[in-house]
Amino acid sequence: MMKKAIYAQKKAKHAGSMKKFYERKPLIATSLTLMLSAGVMYGNELENLPQIDKQVFSEGIETITISGESKTIDLSNQTPKKANIQSDINGGSLTIKNGTLEGNIGGQVLESPSTKGLTVTFENAIMKGNIQTGRGQNSSDGNDFQRKDVIFKGKNNSDIVLEGDIISYGSGYGNSLDRNRGNHVVFETGSMKGNIYAKRDGYQRVGYNEVTFKGEGAKLEGNVGAFGGSSKGNVSSTNRVVFEQSGSIQGKISADGFLQYQTFFLGKNEIIFKGNGTNTIEKASSQTSDLDVIVAYTGINEILFDNHGTNIIKGNIVATDEWGNYYSWNGRESVNTITFNGTGPNTIEGDVLAKKSKYEGNYSHKNTITFNGGTLNTIKGKISTDNNTDDKYSGQNTLTLNNATLTIENPVETNKVEITNES
């Protein structure tokens with residue numbers, strides 16, 4: 001077994017310096033420094049991203065329509081109720097108590113900017129269906145100005161209270177991102193099995209999903225995928241997922257570019273873990289040989305562990321060209337930014353790979369990982385690129401240590417990583 005080499009920063013001489021490592025042995029770096037009539041889509045096909053929406057249209061299903069009022073439905077003495085929920089531009093609220101709803105929320109085109117919000121609350125109840133803003137990604141199918149608030153409460157944190165997807169095709173006007181619209185889903189208690197997708201329509205409306213898990217040990221069993229954005233507005237279809245206490249994602253976090261007019265619009269994911277227990281990102285059970293858990297396909301992933309707990313990424317982090325290998329004269333860079341703000345232990349169990357681009361352009365694909373403190377920071381996999389030493393469109397891996405110590409258990413190859421030490 002290889003012995004670990006130690007890189008120790010000298011406080012005065014090397015503070016803030018940038019160093020390239022060419023060692024082929026382990027090292028420790030230290031510094032003082034979303035009205036669908038679609039059927040339920042369960043979102044368990046998690047292996048490849050992006051994927052086409054799989055919607056089974058069902059006829060004759062009941063529609064519960066809200067128009068500015070508040071309604072309550074108690075499903076205590078019923079078999080699962082099959083119904084879709086929608087509203088007009090007056091919005092309103094609906095509370096569903098107990099039992100199970102099988103159907104979708106939203107999936108409409110509500111074109112008026114004065115459209116009022118729709119709030120659906122599940123009290124000790126379960127939903128099997130999709131929450132959707134907009135109708136699809138063609139033409140103006142994302143022209144939906146309604147904010148949808150969906151709240152789950154009353155179950156145990158480990159219970160699956162939503163089995164279905166959260167999808168947004170728009171958040172208001174084209175060429176802009178409105179974070180006050182789109183889908184806002186709060187799990188006061190409970191967990192989710194399904195995917196969270198932010199997409200766009202043909203007129204450059206971009207989707208927005210904000211999903212918050214408040215319970216200790218909550219989990220998301222599914223993917224988080226952001227697909228494209230607006231070139232004119234220079235904004236991204238965006239997912240923001242927050243775990244206020246410790247939690248886990250079991251699936252792939254993927255940000256993808258959308259090719260149109262020879263330009264890529266970048267999808268973006270913002271993932272935040274605040275809990276001081278154990279927080280994990282790991283592959284879905286359906287992912288067999290695919291070990292990638294955070295992938296930027298000409299997109300942006302920002303992952304923040306803002307806690308003092310145990311944080312584990314159980315898989316690979318990859319920055320690479322757009323999914324599907326379309327070609328472009330104006331490629332955009334892929335960026336994964338991972339930040340650990342606590343003392344840990346913080347562990348990346350897989351590889352960190354920044355691939356070189358196939359296309360021309362003044363950009364490169366990047367993985368930027370920052371450790372802000374602690375001595376229990378570890379990268380167990382390889383840190384690598386597929387560059388040649390002088391590749392023009394090369395990938396870049398950058399590690400920043402702020403009063404932190406980092407153990408890298410695999411050999412670090414020549415020109416594959418830069419480590420910045422800051423005090």
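Trainee: Which residues form one aromatic cluster?

Mentor: Phe122, Phe152, Phe187, Phe213, Phe243, Phe273, Phe305, Phe340 and Phe371 form it. This is a predicted model, where local features need pLDDT of at least 70, side-chain atom pairs count only at pLDDT 80 or more, and totals for chains, interfaces and linings use all residues. Residues are numbered from 1 along each chain as its sequence is written, and side-chain values use heavy atoms, without hydrogens and water.

Trainee: How many aromatic pairs does a search of the whole structure find?

Mentor: Ten. Rings of Phe, Tyr and Trp (its six-membered ring) pair if their centres lie within 6.5 Å; planes under 30 degrees apart count as stacked, over 60 as edge-to-face and the rest as tilted.

Trainee: Why is the pair of phenylalanine 122 and phenylalanine 152 called stacked?

Mentor: The ring centres are 4.9 Å apart and the planes stand at 10°, so the pair of phenylalanine 122 and phenylalanine 152 is stacked. The limits are 6.5 Å for the centres and 30 degrees for the planes.

Trainee: What parts does the pair of phenylalanine 122 and phenylalanine 152 tie together?

Mentor: Phenylalanine 122 lies in strand E10 (residues 118-123) and phenylalanine 152 in strand E13 (residues 147-153), so the pair links parts 30 residues apart in sequence. Strands (E, at least two residues) and helices (H or I, at least four) are DSSP runs, numbered from the N terminus. The protein has one helix and 40 strands.

Trainee: What makes phenylalanine 145 and tyrosine 173 an edge-to-face pair?

Mentor: Their planes are 80° apart, with 4.9 Å centre to centre. Edge-to-face asks for over 60 degrees. Phenylalanine 145 sits in the loop between strand E12 (131-133) and E13, and tyrosine 173 in the loop between strand E15 (166-168) and strand E16 (182-187), so this pair ties together parts 28 residues apart in sequence.

Trainee: Why is phenylalanine 145 called buried?

Mentor: Its relative accessible area is 2%. Buried means under 20% relative accessible area, exposed over 50%, partly exposed in between (1.4 Å probe, protein chains only). Phenylalanine 122 and phenylalanine 152 are both buried too. Of the 423 residues of the protein, 57% count as buried.

Trainee: What makes glutamate 62 and lysine 81 a salt bridge?

Mentor: Their closest N and O atoms are 3.0 Å apart. A salt bridge is a side-chain nitrogen of Lys or Arg within 4 Å of a carboxyl oxygen of Asp or Glu. The structure holds 15 salt bridges. Glutamate 62 lies in strand E4 (residues 62-66) and lysine 81 in strand E6 (residues 81-87), so the pair ties together parts 19 residues apart in sequence.

Trainee: Are glutamate 62 and lysine 81 buried or partly exposed?

Mentor: Glutamate 62 has 39% relative accessible area, so partly exposed. Lysine 81 has 17%, so buried.

Trainee: How do you know that arginine 147 and aspartate 149 meet in a salt bridge?

Mentor: The N to O distance is 2.8 Å. The limit is 4 Å. Arginine 147, at 27% relative accessibility, counts as partly exposed. Aspartate 149, at 18%, is buried.

Trainee: Which residues do salt bridges that share partners join into one network?

Mentor: Arg179, Arg240, Lys268, Glu270 and Glu302.

Trainee: Where is serine 246, and why is serine 246 called buried?

Mentor: Serine 246 is in the loop between strand E24 (238-243) and strand E25 (247-250). Its relative accessible area is 3%, so serine 246 is buried. Leaving aside neighbours within four places in sequence, its contacts (heavy atoms within 4.5 Å) include Gly215, Glu216, Gly275 and Asn279.
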